[in-house]
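Here is a brief report on selected local features.

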Amino acid sequence: QLSCLLKMVTLHGIPEDLDSYPKDLLLFLSPSDYAATGSCSQFFMNIGKANVDVLPREAPQRQQLVREALACLKVPGTQINEENAEILGRLLCDLGGEYIRSSGGSLLKDLSQCGSFLPDQEEAIRDVISSGNTTFGPPAAWSAFTLSELSGLIPVLGHSILQQIPK
């Protein structure tokens, strides 16, 4: 439906008020199409607010969006800074474990918003948390507030990490 709606909206070219349309619609538009109305970082900031789960995780279109976002933001290597994490928004949920490890704990709060994880992402999250080198500190120092901040990651933590959290 969204793909069809986009075809109708863009029938006579890209509208200048495209930012006022539902963000989910942008998932079916390429950044080069959007370029006439704004920057690629603005495009991906809007995409980051969309419900990326409209596209299946394995969908080539979704994987292409992640690749294009990283290229647009000129992400060197696999380390995502906080500014880029904010722009990527929900696209962070598609980054591989190497990005999660390289970025340390800076992505944890954002990742807790993801609905599900692939095994390599889960392992990377556990590695980062186990290191204790995060803004949240080691699990032994966590409070109820920390758990609420990271609530989406609790199913991923595993028994060894959960045991360290104070009652």
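Where does K74 lie? K74 sits in the loop between helix 4 and helix 5. The model is a predicted one.

**Backbone at K74**

K74 is not a glycine, yet its phi is positive, at about 50 degrees. Most residues other than glycine have a negative phi. The relative accessibility of K74 is 69%, so this residue counts as exposed, the cut-off being over 50%.

**Disulfides**

A disulfide is a covalent bond between the sulfur atoms of two cysteines. How many disulfides does a search of the whole structure find? The search finds 2. Counting bonded cysteines along the chain, the pattern is 1-2, 3-4.

| Disulfide | S to S | Angle about the S-S bond | Hand |
|---|---|---|---|
| C40 to C72 | 2.0 Å | 90 degrees | right-handed |
| C93 to C114 | 2.0 Å | -90 degrees | left-handed |

Take the link of C40 and C72, which is right-handed. How accessible are the two ends? C40 is partly exposed, with a relative accessible area of 32%. C72 has a relative accessible area of 14% and is therefore buried, as the cut-off is under 20%.

Now the link of C93 and C114, which is left-handed. C93 lies in the loop between helix 5 (82-88) and helix 6 (97-102), and C114 in the loop between helix 7 (108-111) and helix 8 (119-131), so this pair ties together parts that are 21 residues apart in sequence. Are C93 and C114 buried or exposed? Both are buried.

**Aromatic pair**

The structure holds 1 aromatic pair. F43 and F44 form that pair, with ring centres 4.9 Å apart. What is the geometry of F43 and F44? Their planes stand at 75 degrees, and the pair is edge-to-face because angles over 60 degrees count that way. F43 has 0% relative accessibility and so counts as buried. F44 is buried as well, with a relative accessible area of 0%.

**In brief**

The exposed K74 has a positive phi. F43 and F44 form an edge-to-face aromatic pair.

How values were computed
Residues are numbered from 1 along each chain as its sequence is written. This is a predicted model: local features need pLDDT of at least 70, side-chain atom pairs count only at pLDDT 80 or more; totals for chains, interfaces and linings use all residues. Side-chain values use heavy atoms; hydrogens and water are left out. Rings of Phe, Tyr and Trp (its six-membered ring) pair if their centres lie within 6.5 Å; planes under 30 degrees apart count as stacked, over 60 as edge-to-face and the rest as tilted. Buried means under 20% relative accessible area, exposed over 50%, partly exposed in between (1.4 Å probe, protein chains only). A disulfide is a pair of cysteine sulfur atoms within 2.5 Å. Helices (H or I, at least four residues) and strands (E, at least two) are DSSP runs, numbered from the N terminus.
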